[in-house]
Structure formats: C-alpha cells, structure tokens
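Look at the model below.

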Amino acid sequence: MSKLKVATVWLDGCSGCHMSFLDMDERILELAKLIDVVYSPLVDAKDFPDEVDIALVEGAVASEDDEKKIKKVRAHSKLLIAMGDCAVAGNVPSMRNPFGPEAILERAYIENASVQQQIPCVVVPKLLKIVRPIHEFVTVDVFLPGCPPSADTFTQR
Amino acid sequence: MTQTITIDPVTRLEGHGKITIQLNSQGEVEDAHFHVTQVRGFEKFSEGRRFTRCEPHGAHLRHMPGLAHAGLAKACEAIMSVRIPHTAAQLSGC
C-alpha cells in the first residue's frame, strides 16, 4: 500500500501545533511507515504539490498571502484538517481585530522603533482588516481544536 | 540587467520571512533585504492588560521552547523590581 501524502502548512500561527505534533516522540516512527511528508515548513520543499492526501493547516488567515495559500492548499488536498485554535477559531492572531492593522503596524514599526521608523510595504503581504479562521475561506474537513492540540490528540485520530 | 533573487520559504527561522537580493547589471550584489512577512500585533493588543498575562500570551507568539519568553520574563521582573537567583539567570540564558 502506498504511503499517504501529507502536507503541513503554517499560516498566521506560532508553530506550537507543529511542535505538539512532533511531541509524539517515538510514535512518529509508526506514523512514518504510513505517511510521506511531501510539504512542510519542517522539510525542504519549495512548492505545494499538486496532489496531497492530507493537509494539516496551522494558524489563522491574517494576510493576503495567507488567503492565497489556504485556497491553494484546499484546491490540491483531499482532506483538509484545521489544526489548532488559530485555524479553528482565530485565537491569538485575532486579538488584533478590535484595533485593526493600521494601529498595530503604527505601534510596532513607528512608536516602538528608535531608528528608521517606517511601515514595511515592500514585498511584505498586505494585512487583512480582520483575522479569520480558515473555514471562513475554504471548506474544512476536520477540526482539531486545542492550543495546541496535544500529541495524544494527533495519535488518537 | 538588474535582477532580484527571492528566497522563499526561509529555513533556519521559526516563522515567516522572505529574503530578496538585488543584483546590478554586472551581476554583483547591490542590496539585500530580509522581509518579515508576519506581524501579530502583540505590542498593541497587550496594552491595558495586566502585565502578568504578557508571558502566557507571549508564549503563543512563537512557540519555540523557552526562547521568546526570556525577554518577557525579564521585563516582568524589572517591573516588579525583582532580582532572580544567579542559577535561574544562568538557566534562562539571560
């Protein structure tokens, strides 16, 4: 039986879900017999593959880049799993919603900067007005809540 | 002919970043930039909150074991005028 092609993606998250996934320690050896990680921040892959069986997505959608990415992931994956509270419900990234992108950029790059105060605008993606969970953009097949979901949560599935 | 080389994704970094390298017409490096492509807004949304919450919140900034929290812990210690034992300082890498 061929191995399942698994991809993991991090959007506006903190990588805690990825760390928790790795926290399954030696159980990963059993998993390695069943899956092939074809794309992930943890492996050296540049482009999202055309065909993925399972995509684990961490993080909320906070910028135009995130939005493009999640749509690409959905189009090329059979099963999409929203991994962690940011992907499921917004969570910590959405704490900026009451303030809006202008206020947070102003605080971080102008008020808090002692030199070269400027708001980055070259190459960096435009922030969306409101940070939203991924199911507001694409259909999600499985929701895995938790901040982060424990290693047991991953393996019990 | 000038050229821009883009390195994306970036490894050796927990988080998001892009590197662009601008070459001049002779193919020599003229300029290079590191672009931070993710901003969360902790500096703003932490305002008005109790300072004891900044560490648990900050842990969700970048979940790298221990790393992000040291600066936040130091700030809280300064606010409380607390000096931590030498061993603790060594352990936290401050």
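Q: In this predicted model, which residues of H5(A) are buried?
A: Pro101(A), Ile104(A), Leu105(A) and Ala108(A) are the buried residues of H5(A).

Q: What puts them on the same side of H5(A)?
A: They cover an arc of only 100 degrees around the axis, so they share one side of H5(A).

Q: What covers the buried residues of H5(A)?
A: The cover includes strand E6 (127-132) of chain A and helix H1 (42-45) of chain B.

Q: Why is the pair Glu47(B) and Arg107(A) called a salt bridge?
A: The cut-off is 4 Å between a side-chain nitrogen of Lys or Arg and a carboxyl oxygen of Asp or Glu. The N to O distance here is 2.5 Å, so the pair qualifies. The count between chain A and chain B is three salt bridges.

Q: What makes Arg107(A) and Glu111(A) a salt bridge too?
A: Their closest N and O atoms are 2.8 Å apart, and the limit is 4 Å. Glu111(A) and Arg107(A) are separated by about one helical turn because they are four residues apart in helix H5 of chain A.

Q: Which residues are linked with Arg107(A) in a network of salt bridges?
A: Glu111(A), Lys44(B) and Glu47(B) are. Glu47(B) and Lys44(B) meet at 3.3 Å, N to O.

Q: Why is Lys44(B) called buried, but Glu47(B) partly exposed?
A: Buried means under 20% relative accessible area, and exposed means over 50%. Lys44(B) has 17%, so Lys44(B) counts as buried. Glu47(B) has 35%, so Glu47(B) falls in between. Arg107(A), at 21%, is partly exposed.

Q: How do you know that Ala151(A) is buried?
A: Its relative accessibility is 7%. The limit for buried is under 20%, so Ala151(A) qualifies. Ala151(A) lies in helix H6 (residues 151-156) of chain A. Leaving aside neighbours within four places in sequence, Ala151(A) is in contact with Ser20(A), Asp23(A), Met24(A) and Arg27(A).

Notes. Residues numbered from 1 in each chain as written. Chains lettered and ligands numbered in written order. Predicted model: local features only at pLDDT ≥ 70, side-chain atom pairs only at ≥ 80, totals over all residues. Heavy atoms only, no water. Helix = DSSP H or I, 4+ residues; strand = E, 2+ residues; numbered from the N terminus. Buried < 20%, exposed > 50% of the residue type's maximum accessible area, 1.4 Å probe, protein only. Contact = heavy atoms within 4.5 Å. Arc of directions from axis to C-beta.
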